[in-house]
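Here is a short briefing for a first look at a protein model. Keep the sequence and the 3D view side by side as you read.

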Amino acid sequence: VIRLLALSAAAVAVAFAQAPDCSVLPGSTQDGPLRSYTADNLFEYMDGNAEGYILYHFVAMHGVNCQSGEDTVVLDVSEMENPEWAYGMFASNRDPRSPVEKIGTEAQIVPRRAILVKDKYFVEASSSKEQAAVLRHILEAMAQRISGTTEPPGELSVFPTAKLVAGSVRMVPESVLGISALKRGYIAEYDYGKAFLVREATPESAAAVMNKLRARFDETKPAKVADEAFEANEKYLGRLCIFRKGRTIGGFTGLTADADPIAVTATLAERVK
Amino acid sequence: MKSSRRNFLAGGLVLPAAGLAKLTPAAAPAIDAAVPAAPGKLVYRTLGKTGLKVTSVGFGCMITSDASVIERAADAGINYFDTARVYQSGNNERMVGAALKAKRKQIVLSTKTPANGKADALATLDTSLKELGTDYVDIWYLHGKQSASQLTDDLLEAQQIAKKAGKIRFAGVSLHSGHSEVIPAAIQSGKIDVLLISYNFTTGNRIDDLIAKAKAAGLGIVAMKVMAGGFRRVKEGTPEATILNRPGAMSAALRWVLKNPDISTTIPSMTDMDQFEDNFKCMSAKFSAEDEKTLTAHLERISPMYCRMCNQCLGTCRQGLPVSDLLRFVTYADGYGQFALGRERYRELPDRVISARCGDCSSCTVQCPNGVHVAERIARAQELFA
């Protein structure tokens, strides 16, 4: 019993360290009680949109409303299973047309809404009026309060930066390219096609996935890239080239006519450690 | 009214008006004529008084990550696609619009507004149209209404204004709960054409009468959460996962919904082609004895523990305990490993509730219609948190 109580006290301490309160918005007062949700009842707060959180291995959410004059700021902190899922959630919710800032791991602020990822936490702040500076202050305060890593997932640095469409790199939580065999990974848009990366547990399981992929396309042509690779052309995914290097599967789809499938795929494969 | 971030965010999801394209009313698409035939596979139903012929399996785009799955579904003849302003903070509408651009006239496209007022609602509609790359949506839902009072004159008027402007063809309401209030209110308003409701085997036939009344009043009925949502949360390696991961288990849930002829169409979420192909087959397959067995096995497993928040237990505990709340708190601890959260919520309850003990009663007056072992679960909450 003592051990259980000690563990629960520790859990409460951790939970409260990350939980939001209105001190992050000076001069505001708390409007209503603190709220907490798990995957079990998140839908009570946001209905079907909860599925979009659960997809990214949502664990719990703590939130508060802060009132400052006529303005209300809604602040929610979601805990995901690990930093990678939290980053995935952030990337899925940011506006690819707006810039990101280096607050925490990454943040994005638009006039009435701001989001932040740091470690395994995804923070959302929304204001009833346009006030980017205030929202930035809140994110900075939350980033200081949350401990842990500020490094984005390592996969992001694998994608070459030349001709990369800004804001296009994101995590796909399941079925990358709409193919269930590619369980989860990352995609990035380029001027000349879409790149993807999926890490399997072992080289053997990655090789098995490659076999499934070959079987999926009508005609494949072997290519000399990394450990194994093939080219194909498919109605929806377009011209594509897929490679395996160790336990990593990657490649390009939707390649434009002027792109060399082997060359761009080899460039990507070279960057895989 | 209950605090809802979705509603609050309505304003935040509106793009600057200066960026909006000039909008022009659209002619009604000829759905029937345009859909390619796929004999023996595609099954159409009529969406109430809208007259739209929709495939009985549609496509819920909320969690779809790759546009190619949506494109393939449209090519295969699926003709109902659903998104919302708030999904993926607006990114979902953009992806759906791009994926369906070439087939816009052949498909029925729906989106939703989270707004609470007329001006905000109309502003979110303009943003939706811009992001979807279209000048009209076929059905525009008021998103997630859970009480009759939320169907305000203001919002209903916004829908009528949008109709007159040619920005929407039909008005809808979506709801996850509060069926017994919202459905009659929607019928009574005379202004709602389509209802989007949560409906699946875990809710059982409880709301079938309401659905039938809505259909009789001419409303089209679209079913969501047809896979019961919880499937995705089932942990690998558990007996429950073994049942639900059996081939066909998810399809059984969809077929259960489709066996109700009052349901016009369904919008299961799909992230890949395998899921799409499984769901596609459900259109022409009958709900079988094997399906019944699969779903019953799942219900038997979750029933003793899983509160469906139907609130039929409200006021039936002789000690006045808030039964559904207590069941939820114990689920935090036992189901999700969130002991601290469960205890935190428990300790916010009034002292008389915290000090009450199930052991003080010789028998339990609470009878859960869904088979939850109430006394056992509440005693567990008291043991854990008190």
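The points below go from whole chains to sheets, then to a helix, the cores and a single residue.

This is a predicted model. Chain A has seven helices and 14 strands, while chain B has 16 helices and ten strands.

**The two chains**

- Chain A has 273 residues, and 56% of them are buried.
- The C-alpha trace of chain A spans about 65 × 50 × 30 Å along its principal axes.
- In chain B, buried residues make up 56% of the 386 residues.
- Take the contacts in chain A with a separation of 6 or more: 55% of them join residues 24 or more positions apart.

- Strands of a sheet pair through backbone hydrogen bonds, either parallel or antiparallel.
- Chain B holds an open sheet of eight strands with parallel pairing.
- The strand order is β3-β4-β5-β6-β7-β8-β9-β10.
- Its edge strands are β3 (59-60) and β10 (265-266) of chain B, and each pairs on one side only.
- Strand β4 (residues 80-82) of chain B pairs with β5(B) in the parallel sense, over three bridges.
- Six of the six residues of β5(B) are buried.
- B:Val108, B:Ser110 and B:Lys112 point one way from β5(B), and B:Leu109, B:Thr111 and B:Thr113 point the other way.
- Further along, β6 (residues 137-142) and β7 (residues 168-175) of chain B form a parallel pair over five bridges.
- Within that region, B:Leu142 has B:Val173 in β7(B) as its bridge partner.
- Helix α7 (residues 179-189) of chain B packs on the sheet and touches β7 and β8 (194-198) of chain B. The direction of α7 makes about 175° with that of β8(B).
- Helix α5 (residues 118-132) of chain B lies across β5 (108-113), β6 and β7 of chain B, at about 140° to β6(B).

- Helix α6 (residues 153-164) of chain B has twelve residues.
- From first C-alpha to last, α6(B) reaches 16 Å, close to the 16 Å expected at 1.5 Å a residue.
- Which residues of α6(B) are buried? They are B:Leu155, B:Leu156, B:Ala158, B:Gln159 and B:Ala162.
- Seen down the helix axis, the buried residues of α6(B) fall within an arc of 150°, so they line one face.
- An α-helix has 3.6 residues a turn, so residues three or four places apart point the same way.
- The cover over the buried residues of α6(B) includes α5, β6, β7 and α7 of chain B.
- The face turned away from the buried side carries the exposed residues B:Asp153 and B:Lys164.
- B:Gly166 follows α6(B), and its phi is positive, near 75°.

**Nonpolar cores**

- The largest nonpolar core has 66 residues.
- B:Phe59, B:Ile70, B:Phe81, B:Leu195, B:Ile197 and B:Tyr199 touch the most other members of this core.
- Helix α10 (residues 249-258) of chain B gives the most to the core, with six residues.
- Leaving aside neighbours within four places in sequence, B:Phe81 has contacts that include B:Phe59, B:Ile70, B:Leu100, B:Ile107 and B:Val108.
- Another core, of 51 residues, lies apart from the largest one; among its members are A:Met61, A:Tyr87, A:Val169 and A:Leu255.

**The sheet of chain A**

- Chain A has an open sheet of seven strands, in the order β8-β9-β10-β14-β13-β12-β11, with antiparallel pairing.
- Strands β8 (170-172) and β11 (220-222) of chain A are the edges, each pairing on one side only.
- Neighbouring strands of this sheet are turned by 25° against each other on average, direction ignored.
- Three bridges join β8(A) to β9 (residues 185-190) of chain A, and the two run antiparallel.
- A:Arg170 has A:Ile187 in β9(A) as its bridge partner.
- Helix α4 (residues 83-93) of chain A packs on the sheet, touching β8 and β9 of chain A.

**One residue: A:Glu231**

- A:Glu231 lies in strand β12 (residues 228-234) of chain A.
- Is A:Glu231 buried or exposed? A:Glu231 counts as buried because its relative accessible area is 17%, and buried means under 20%.
- Beyond its neighbours within four places in sequence, A:Glu231 is in contact with residues including A:Thr220, A:Lys221, A:Leu240 and A:Ile262.

Definitions and conventions: Residues are numbered from 1 along each chain as its sequence is written. Chains are lettered from A and ligands numbered from 1 in the order in which they are written. This is a predicted model: local features need pLDDT of at least 70, side-chain atom pairs count only at pLDDT 80 or more; totals for chains, interfaces and linings use all residues. Side-chain values use heavy atoms; hydrogens and water are left out. Two strands pair if DSSP finds at least two bridges between them. Helices (H or I, at least four residues) and strands (E, at least two) are DSSP runs, numbered from the N terminus. Contact means heavy atoms within 4.5 Å. Axes are lines fitted to C-alpha atoms, for helices over the stretch in contact, and angles run from 0 to 180 degrees between N-to-C directions. Buried means under 20% relative accessible area, exposed over 50%, partly exposed in between (1.4 Å probe, protein chains only). A nonpolar core is a set of buried Ala, Val, Leu, Ile, Met, Phe, Trp, Tyr and Cys residues joined through side-chain atoms within 4.5 Å. The expected span of a helix is 1.5 Å times one less than its number of residues. The arc is that of the directions from the helix axis to the C-beta atoms.
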